[in-house]
Amino acid sequence: PAAPAPDPGEAVPSAHEGRWPAPPPEGAKTFFNLQLPTGMPERKRQETLVCMLREDDRRRMDELTEQLCAFHEQRAHSRQVGRASPGAVQRRSLAWVGDAA
């Protein structure tokens, strides 16, 4: 399903679901065409851009951490649900005795 075009004043969403993203729509606001104030000194401009990149990295790492935690919780839960009690394991391992008698 095609995603709706973002509002021209809104940043392009970054959820890619494991695929390479399509290029942003024409005129969409992105990091690379961001308009900072023209009177801003170059050093301050570079610091601002680096700060934005760091914040984006933190946000993405937090999202990845949440996904990994959810995956591990789901996996641990499925292991607990499928795990037999110690008595059941012992009964199965000794079932051949009943068959041999």
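Reader: What makes the contact between R58 and E55 a salt bridge?

Author: In this predicted model, the side chains of R58 and E55 meet with N and O 3.3 Å apart, and because a salt bridge asks for a side-chain nitrogen of Lys or Arg within 4 Å of a carboxyl oxygen of Asp or Glu, the pair qualifies as one. Both residues lie in helix α1, three residues apart, which is about one turn of the helix.

Reader: Why is R58 called partly exposed?

Author: The relative accessible area of R58 is 47%, and since buried means under 20% and exposed means over 50%, R58 falls in between and counts as partly exposed.

Reader: Why is the pair of F31 and F32 called edge-to-face?

Author: The ring centres of F31 and F32 are 5.3 Å apart and their planes stand at 85 degrees; because rings pair when their centres lie within 6.5 Å, and planes over 60 degrees apart count as edge-to-face, the pair is given that name. As for accessibility, F31 is partly exposed at 28%, whereas F32 counts as exposed at 78%.

Conventions. Residues numbered from 1 in each chain as written. Predicted model: local features only at pLDDT ≥ 70, side-chain atom pairs only at ≥ 80, totals over all residues. Heavy atoms only, no water. Phe/Tyr/Trp six-rings, centres within 6.5 Å; stacked < 30°, edge-to-face > 60°. Buried < 20%, exposed > 50% of the residue type's maximum accessible area, 1.4 Å probe, protein only. Helix = DSSP H or I, 4+ residues; strand = E, 2+ residues; numbered from the N terminus.
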